[in-house]
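Have the viewer open as you read.

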Amino acid sequence: MMTPILEKIALFISVALMIVISYWLGQQSYNWMPVAATAEAKHVDDLFSFLVALGSFIFLGVVGMIVFSIITCRADENDYTEGHPSRGNNKLEFFWTATPTILVLWIGWQSFNIYQQLDIEGLNKIIDLKASESGNKSMLIAQKIPNQIEEIEVIAKQWDWTFRYPQSNITTSELHLPQNKRVRLILESEDVIHGFYVPEFRFKQDMIPNHRLNFTFTPLKEGKYKLHDSQFSGTYFALMEADVYIDSPEAYGQWLQSAHNNILKPSLAATEHAHQPRQLIRSDWPTIEPATPFVAQQ
Amino acid sequence: MTHSSATNLKESQIKQQAWKRYFTFNTDHKVIGIQYLVTTFIFFLIAGILSMILRGELITPPSDLVDRSLYNGLFTLHGTVMIFLWIIPSLVGLANYLIPLMIGAKDMAFPKLNAIAFWLIPIGGILLLSSFLLPSGSAQAGWWSYPPVSIQNPTGYPINGQTIWLLSIIVLGISSIMGGVNFLTTILRMRAPGMHFFRMPIFVWTVLSAQLLQLFCLPALTGAAIMLLFDLSFGTNFFNPTSGGDPVLYQHLFWFYSHPAVYVMVLPAFGVFSEVIPAFTRNPLFGYKSVAVASFGISLVSIFVWVHHMFASGTPSWMRILFMFSTMLVAIPTGVKVFAWTATVWRSKLHLDTPMLFALGGVVMFIIGGITGVMLGAVAFDLHVNNTYFVVGHFHYVVYNTITMALFAAIYFWFPKMTGRMYHEGWGKIHFWLTFIGANLTFFPMLPVGLQGMVRRISSYDPQYAGWNILASLGAFLLGMATLPFMANLVVSCLIGIQAPNNPWYATGLEWATTSPPPTENFETIPTVTLAPYSYGLPQYSTVDTTDEEAIKRHGN
Ligand code: HEM
Ligand SMILES: [Cu+2]
Ligand SMILES: [Cu+2]
């Protein structure tokens, strides 16, 4: 039997240890994520790190108590007498109703703050909030936004992505984004619900037929990424991918110049539909025909 | 000699009849309970085989085992069968067996309705599975069946897999509503004298809360299914965007039921933990009243959180934030429960028999399910991992690693009561360890691979995700193997297991006060309840009667 003093010391050490481990896991969690390629991604990773640290603390605390009991509190096989005589303990009960309440409020508050920092702007809002701070709204929107913000239309259909650059009159099958500049994506679906998702960007947005949804964000890290459909959209869903590039301002300018002779590629789905791969078990259930690429509009 | 062979003959006749009544329209709640448990277990095995084919496809990055449509059909039916034909009805079966016994009633309030509700399950299930044979193939739009994908009908046949899917969901929904009415009436009206609310075992509380939710929310799903069926078959435009319908409306209706449904599933599992843990720690359930009230709290809050499944569906920011907070509120009553179990275990007299292993394993894994769930409630994080394998990992930690584990705990715990025989402890432990290891090996890798961005419902994936996927697939095959010792144990023990005493665990609760198995009317005389529940420590639950040969035999086992 441990003396009460020793017990307190042991408790203190284990709590300290738990704090250290949870903090360390919280720091590690940044490595579990893909590269952070947008300004928004950093905030999401901070939120995740906070959630991992707090979650680890709770996990270690509860599981630690259970495992400790399993090791130290085993009964003899035929001993069915009482475990311990204490019947309820109001202080303790209050304590553990208060604990989750406080934790939840804390998590909620942090998540709220970080969501606010994302600044992905209200959905469905065509009006730019920043512009509305001063004078004549509609004038400002008409004049300012096209200059400040790069606008790109993203059109999804089963199972193909097309991107339109209305300011430059370009239509392509790969998405190029300018580094360090705010970008507004205008999302449209021609048939079913699709989802815009680039893991390195840390957000996704469903694309609902008949709704033009848009969101803004800031690409930061140059490189090549992959767009994947995130909302199940039928037979060739797994193949609904497109390449995404974040280009330096110069490279972006050059690409806009050269993109006029960019040919629209057939989608992976259309290619696979035309040449079915070898699969061990085939059902050959009928499917919607994959879309053919848009003809570039001039 | 002649005398004993005559009784043997009579006994075997009775046995034969006993065996046959499980295939009849029987109205005894105990028979119906076992009918449910066995039927749903068969569906669990079928859906498990489907999942192993899915994991077989995903063990390598390209699509090389099954074609794309078949893969979509497989995960749709895997998910649908697991939810609507395993988790929900198996818990109903367990409750069917236990509730009248636990509250000291002779049967359920409406025995015929009870039997009808059961027989709708195999009908709905067989209907659903038969759709694999249709020329159009089975439904392929996922267990959510979001339109417009679900109302596309490239075959043009008037009846396709999706039609069958919707019909069977409607059949199963009707069965659930019948069950809900029956449970509520039984629990509210048929308790034995002295069994007032705060003397009910937690399992009864959780079933009451879960069935209230079922009655309140299920009509939304049934309504949505009927509307979708009209869109699909008769060209109405509730959800069809090409003619002015709103597919997002379906999502609201669907999640208005299907979020609370996760509590319909998990609450009785919490109830099982709350029965098993006190019995094997010899402690009263710590904070009994808080745990009882927390069940209601969970039900109530869970009605107001459904939009967390739609954070990415064009939901405006104010709504996202509102539902983020309501989602996190559920963590409070849930936290109360987890703490109560932990405190019950702390400083107790632990017996690690198989039911307790499954209960503790389930609680530990539920903590992972719960923590990842709160993470998903945080909008900004959810927008990254929603519809990735992170979500798949999270909900399998709940549906398999918590609820299915709780069901195993329950089956082992009440097996002696149901069959009058003991299961084999050694094989039970092997089953536990294979399941515990297999389940973590299968579902843990889904969390990191989801953080990395692997989207769910894809039949081929980027090779960068291959490592974790191999582990998950191997885990799934192990998990499949793990059910073999379980089935062997139950079948063999049922036939030749040691005779079980009435109360092998020295547990409290009225179900242990009658014979094993209980007589048709449950109790010789309806008992009067005078004690608080979980009165462990009282002499009648503390002493092993050394003159009881059965008890000694059991411990020699
Ligand atoms: C035998 C162990 C199991 C394995 C190996 C397994 C594996 C899988 C896999 C690979 C998927 C496809 C994931 C995706 O791409 O979205 C899936 C989906 C799913 N599973 Fe399981 N699962 C198992 C048990 C269960 C259980 C016990 C349930 C109980 C409710 C369940 C419910 C679901 C649901 C609802 C889906 C979603 C289906 C959909 O997206 O339409 N699974 N599972
Ligand atoms: Cu798509
Ligand atoms: Cu939910």
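## Where the two chains meet

Chain B and chain A bury about 8600 Å² between them, with carbon and sulfur atoms giving 67% of that area. Keep in mind that this is a predicted model. On the residue side, chain B puts 104 residues into the contact and chain A puts in 97.

What about charges across the contact? There are three salt bridges between chain B and chain A. One of them joins Asp462(B) to Lys226(A), with the closest N and O atoms 3.5 Å apart. Which element of chain B gives the most to the side that touches chain A? That's helix 10 of chain B, residues 331-345, with nine residues. Sort the chain B side by class and you get 58 nonpolar, 34 polar and twelve charged residues.

Now have a look inside chain A. Five strands make an open sheet there, in the order 3-2-1-5-8, and the pairing is mixed. Strand 3 (170-172) and strand 8 (213-217) of chain A sit at the edges with a single partner strand each, so one side of each has no neighbour in the sheet. Ignoring direction, neighbouring strands of this sheet are turned by 20° against each other on average.

To see one pairing in detail, go to strand 1 (residues 150-157) and strand 5 (residues 183-189) of chain A: these run parallel and are joined by seven bridges. Ala156(A) is a handy landmark, standing opposite Ser189(A) in strand 5 of chain A.

## Another sheet in chain A

Chain A also has an open sheet of five strands in the order 4-10-9-6-7, again with mixed pairing. Which strands are at its edges? Strand 4 (175-178) and strand 7 (203-207) of chain A, each of which pairs on one side only. From one strand to the next, the twist averages 25°.

Within this sheet, strand 6 (residues 194-198) and strand 9 (residues 223-229) of chain A pair in the antiparallel sense over two bridges. Look for Phe196(A), which stands opposite Asp229(A) in strand 9 of chain A.

## A salt bridge across the sequence

Over all chains, the salt bridges come to 15.

Chain B has a couple of cis peptide bonds to check. The bond from Pro147(B) to Pro148(B) is cis, with omega near 0°, and Pro148(B) falls in the loop between helix 4 (111-130) and helix 5 (161-189) of chain B. The bond from Ser516(B) to Pro517(B) is cis too, with omega near -10°. You'll find Pro517(B) in the loop between helix 16 (466-496) and helix 17 (539-542) of chain B.

Over in chain A, Asn169(A) has a positive phi of about 60° even though it isn't a glycine. Where does Asn169(A) sit? In the loop between strand 2 (160-165) and strand 3 of chain A.

Notes: Residues numbered from 1 in each chain as written. Chains lettered and ligands numbered in written order. Predicted model: local features only at pLDDT ≥ 70, side-chain atom pairs only at ≥ 80, totals over all residues. Heavy atoms only, no water. Contact = heavy atoms within 4.5 Å. Buried area = accessible area lost by both parts, 1.4 Å probe. Salt bridge = Lys/Arg side-chain N within 4 Å of Asp/Glu carboxyl O. Helix = DSSP H or I, 4+ residues; strand = E, 2+ residues; numbered from the N terminus. Nonpolar A, V, L, I, M, F, W, Y, C, P; charged D, E, K, R; others polar. Pairing = 2+ DSSP bridges. Axes fitted to C-alpha atoms, helices over the stretch in contact; angles between N-to-C directions.
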